[in-house]
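Opening the notebook on this one. I want to go through the sheet strand by strand and jot down who pairs with whom.

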Amino acid sequence: MNIAIIAHDTKKELMVQFCIAYCGILSRHNICATGTTGKLVAEATGLQVFRFLSGSQGGDQQISARIACNEIDLLLFFRDPLTPKAHEPKEADMLRLCDVHNIPVATNIATAEALIHSLERGDLDWRNIVNPSSVK
Ligand SMILES: O=C(CO)COP(=O)(O)O
């Protein structure tokens, strides 16, 4: 599966801890991320992470483009709802595209926990049919 991870600044440490906890599962998939999130996760876990640009430089949009092509099978986007972001409309568009393509998405750690276990159980294997490039 192709998994995209993004975290707002105040949620980056949480994302790092999540990825450390589920490193074993994540290592069996293709991971991509926005620049800073990807750097922190790769350093902390040793996971291979394909890094797009930093979110503020267009990394969100690069991931959105892959979502629009139905090439992302799971999006983990730890959002901070309390701090307004300049590129917030772009983020709303990313979530819209997930709905267009029925891409499972977690915007907080509680949902991410549920989805990572779903992934491990094989509940998301149907994505291999709609996105043949998802097989690692
Ligand atoms: O800006 C982001 C989410 O909108 C995240 O980007 P970085 O991972 O590069 O900080």
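In which sense do strand E4 and E5 pair, and over how many bridges? I'm working from a predicted model here. I looked up E4, residues 74-78, and found that E4 pairs with E5 in the parallel sense over 2 bridges.

Next I wanted the whole sheet. I read an open sheet of 5 strands, ordered E3-E2-E1-E4-E5, with parallel pairing. The edges are E3 (49-51) and E5 (105-106), each of which pairs on one side only.

From E2 I moved on to E3: the two run parallel and are joined by 3 bridges. I logged Ala 33 with its bridge partner in E3, Arg 51. How does the chain cross from E2 to E3? I followed the path through helix H3 (residues 35-45), and this β-α-β crossover is right-handed.

Last, the annotation. An unreviewed UniProt entry places the feature "domain: MGS-like" at residues 1-136. Over that stretch I have 48% helix and 15% strand for the chain, and the end C-alpha atoms lie 6 Å apart.

Definitions and conventions
Residues numbered from 1 in each chain as written. Predicted model: local features only at pLDDT ≥ 70, side-chain atom pairs only at ≥ 80, totals over all residues. Pairing = 2+ DSSP bridges. Helix = DSSP H or I, 4+ residues; strand = E, 2+ residues; numbered from the N terminus. UniProt positions renumbered as here; feature names shortened; annotations may be inferred. Right-handed = clockwise from strand over helix to strand, strands pointing away.
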